[in-house]
Each structure stands twice: as structure tokens, then as C-alpha cells.
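Some words used for a protein model rest on a number and a cut-off.

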Amino acid sequence: MKRVLVVTWSQSGQLTEIVRSLTAPLEADSQVEVVWEVLQPQPAFPFPWTVAQFCDAFPEAFQEIPCALAPLVVDPAAPFDLVILAYQVWYLSPSTPVSAFLQSPEARRLLAGRPVVTVIGCRNMWLLAQEKVKARLGDLGARLAGNVVLADRAGNLTGVVTIAYWMLTGRKGRFLGCFPPPGIRPEDIRGAGRFGQMIRAALAAGPFALDPDHLAAADAAPVVPAYIIFEKRIAKVFGLWSRFIRARGGPGDPARRRRVRAFFYYLLTAIVVLAPLASLAGRLVLRLGRERIAAEVAYFQGLTGERPGSSKPEAR
Ligand SMILES: Cc1cc2nc3c(=O)[nH]c(=O)nc-3n(C[C@H](O)[C@H](O)[C@H](O)COP(=O)(O)O)c2cc1C
């Protein structure tokens, strides 16, 4: 009997659907026991969000400052053959509840020495979040055995509009009747079962290992080359903004409200003006540095272990 621990948390239920689809082949296997640990941030994060709440969550998410979590249900001393860590991205970082888990003493006991498959459900920008998670897993002594990413397929600007509508109203329908539905396509969610099949086969085969080439062939972590450059640029500015806001206090502190509002206007400008400019500049850079970009794409797909030109993650 193989034992798999799933650690997850979802606001809208989207990530839960992804993990259910992915783990369905494991749940159906009498030789596999799947144990779910659903994180419980305390207090709960709001959903739907107000604009102010959405922006106020930024500094702590970006700086990976943990929130409080309810005690885990799972016994941290319990043995597992694999841990599936499913997370959503918040501001180019793992969401705050997942950051909190990764920094908890229980995570060390549950993850140290174990293979971990990360599963990401996000809008479209996950590269630097995964770098942060990799660094945390490294600190915990866990072994990253694979990464599966499901993202929105809408274009960047369309995706921003539809996700804003979803996050701020809680409705997953078509904004104004003409935008595509927000979030990850149902057929992509259903398709996550193919990764569960791979995981089941790897569990049965002995010491857990997934073939990076098989994962890449199954499009486990599709990389949009322009975002490699785009995310790096945004992260630099996010670093400045997060420190600027936190200099006035912690989450919800009225003393930081004006700075949080200023950040909102920055975000709007960045999305409407800077994003199209940056993607244009990104395309130019892609033309100029094809080889380096190809190496970076292979790195983010999990095909190579070391990031080109650096020996450690750049995310922090
Ligand atoms: C505060 C916040 C920040 C987010 N930032 C990002 C981001 O930087 N990149 C991204 O691809 N998606 C981002 N998203 C979208 C989430 O990754 C995720 O797709 C969405 O919140 C649905 O997740 P759920 O399963 O928790 O409902 C953000 C969502 C929230 C609420």
C-alpha cells in the first residue's frame, strides 16, 4: 500500500477541482491511500474580495510572510510515499496560506526526505512562485519530483479583466456576456487526470520518480517565454512596493491604506500601459537571445536542474 498526502487550499474551489481530477486515478487504485490536508487560514481570506482587500494581501503574499493556520489534521509523524502540494499563485508567489504551511514545523516533518509533486492552478504567471516554492522545498530537505501547471488560456489583458470580475464578484460567468468565462478551462481540468496516471505508475514502480521528458511531452508545465522576462521585471517593482507598504504596518492596518490604494493605481497602470509595452520589449529580447531563452524554458519546464546564468533562484 502506497500513501499519498495531498496538501491544498482553494478559495473558489478551482484548485480543489484540479486536484480531484489529478488524483482520481490514485483514489481509484486499491493499492494507494490518499490523505487530504486542506489548509485553514485563520481568519479566512475574503472571497469575493473587495479591491482594497485584494491589494492589501499583496505585501505579505509577495514577501512570503505567513498567516496563521489552524492546526493540521494529519499527524506530522505519519509516513507518506509522496506529497502532492497544490497551490495557487498570489502576486508571483505561492498564496499566503501555502507559504505559511511551507514555513511551519509540521511541513518540515511531513516533507523532509520525501518526493513532492507541485500542482499549480493560476492565471498565467507561475514561474517565480515556483522558484520560491523550490527554495522552500530545498530548505525543508524535500525533493521536487515534478511540477504540473494549469493556467488560464485567455490572452493577458482579457485574463486580467475576467479574473478581476471573478475575484471581485465571486461569479465565474462571462463578464458583460462577451468575455470568455474566467479561470482554467473545464477540459484542461478534466485532462489533469493524465498526470494522476503517471503518478500512479511511478508509485507502483518503486522509489518515486517521474520522467521529466514524459512530463514535458504531456505539457505538464507550459512556459510562455515572454513571461520569463516580464515576471522578473514585475518582481523588482513588487519588491519596492511591498517594502513601501509594510513600512506603514501589517495586514489591514489603516496606516497603510493610502499606500495600498496607490499600489492599486500602479497595478492598473502596469496592466493597461506597461504590460503591452513589456510584452513588445519581451518579444524583441526573445529574438535577440533565442538560445538563452530556450535554455530558460527548458529550466522552467523542469528539464534542466540549474537556471542558466545563476546557481540559485532569483525570486526573493
Ligand atoms: C490576491 C491574488 C493574487 C493573484 N496573483 C496571481 C499571479 O501573480 N499570477 C497568476 O497567475 N495568478 C494570480 N492569481 C490567480 C490565482 O493564482 C488563482 O488562479 C485564483 O485565485 C483561483 O484560485 P482558487 O482555487 O484559490 O480559487 C491571484 C489571485 C489572487 C486572489
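Q: What makes the radius of gyration of the chain agree with that of a compact globule?
A: This is a predicted model. With 316 residues, a compact globule would have a radius of gyration near 20 Å, and the chain has 19 Å, so the two agree. The C-alpha trace spans about 55 × 45 × 45 Å along its principal axes.

Q: How many helices and strands does the chain have?
A: There are 13 helices and 9 strands.

Q: What share of the residues counts as buried, and what share of the accessible surface belongs to carbon and sulfur atoms?
A: Of the 316 residues, 50% count as buried; the cut-off for that word is a relative accessible area under 20%. The accessible surface comes to about 14800 Å², and carbon and sulfur atoms account for 58% of this area.

Q: Which contacts do residues 24 or more positions apart account for?
A: They account for 80% of the contacts in the chain with a separation of 6 or more.

Q: How far apart are the mean positions of the positive and negative charges?
A: The chain has 37 positive and 25 negative charges, and their mean positions are 8 Å apart.

Q: Why is Arg136 called buried?
A: Arg136 has 15% relative accessibility. Buried means under 20%, so Arg136 counts as buried. Arg136 lies in helix 6, which covers residues 127-140.

Q: What makes the pair Arg136 and Glu64 a polar contact?
A: The side chains of Arg136 and Glu64 make this contact at 3.2 Å. The cut-off is a pair of N or O atoms within 3.5 Å, so a value of 3.2 Å passes.

Q: How do you know whether Arg307 is buried or exposed?
A: The relative accessible area of Arg307 is 4%, so Arg307 is buried. Arg307 is found in the segment after helix 13 (290-300). A polar contact of 3.1 Å joins its side chain to that of Glu296.

Q: Why does Met167 count as buried, and which residues does Met167 touch?
A: Its relative accessibility is 13%. With the limit for buried at under 20%, Met167 therefore counts as buried. Met167 sits in helix 7 (residues 156-169). Leaving out residues up to four places away in sequence, Met167 touches Phe47, Pro48, Trp49 and Phe54. Phe101 is 66 residues from Met167 along the chain, and their C-alpha atoms are separated by 23 Å.

Q: What makes the bond between Phe47 and Pro48 worth a remark?
A: The peptide bond that joins Phe47 and Pro48 is cis, with omega about -5°. Most peptide bonds are trans. Pro48 is found in the loop between strand 3 and helix 2.

Q: Where else is a cis peptide bond found?
A: A cis peptide bond also joins Gln42 and Pro43, and its omega is about -5°. Pro43 is in the loop between strand 3 (41-42) and helix 2 (51-56).

Q: Why is Val223 called buried?
A: Val223 has a relative accessible area of 14%, so Val223 is buried. Its place is in the loop between helix 10 (212-217) and helix 11 (225-246). Not counting residues up to four places away in sequence, the residues that Val223 touches include Trp126, Leu127 and Phe300.

Q: How do you know whether Asp213 is buried or exposed?
A: The relative accessible area of Asp213 is 52%. Exposed means over 50%, so Asp213 is exposed. Asp213 is found in helix 10. Asp213 and Pro71 are 142 residues apart in sequence, and their C-alpha atoms are 38 Å apart in space.

Q: What is there to note about phi of Leu92 and phi of Leu176?
A: Phi of Leu92 is near 60°, a positive value in a residue other than glycine. Phi of Leu176 is also near 60°. Most residues other than glycine have a negative phi.

Q: Why is Leu92 called buried and Leu176 exposed?
A: Leu92 has 6% relative accessibility, so Leu92 counts as buried. Leu176 has 64% and therefore counts as exposed. Leu92 is in the loop between strand 6 (89-90) and strand 7 (93-94), and Leu176 is in the loop between helix 7 and helix 8 (186-191).

Methods: Residues are numbered from 1 along each chain as its sequence is written. This is a predicted model: local features need pLDDT of at least 70, side-chain atom pairs count only at pLDDT 80 or more; totals for chains, interfaces and linings use all residues. Side-chain values use heavy atoms; hydrogens and water are left out. Helices (H or I, at least four residues) and strands (E, at least two) are DSSP runs, numbered from the N terminus. The radius of gyration is taken over C-alpha atoms; the globule rule is 2.2 Å times the number of residues to the power 0.38. Buried means under 20% relative accessible area, exposed over 50%, partly exposed in between (1.4 Å probe, protein chains only). Contact means heavy atoms within 4.5 Å. Accessible areas come from the Shrake-Rupley method with a 1.4 Å probe; for residues, only the protein chains shown count as cover. Lys and Arg count as positive and Asp and Glu as negative; His and the chain ends are not counted. The place of a charge is taken as NZ of Lys, CZ of Arg, CG of Asp or CD of Glu. A polar contact is a pair of N or O atoms within 3.5 Å; within protein, one must be able to donate a hydrogen and the other to accept it, and residues adjacent in sequence count only if both atoms are side-chain atoms.
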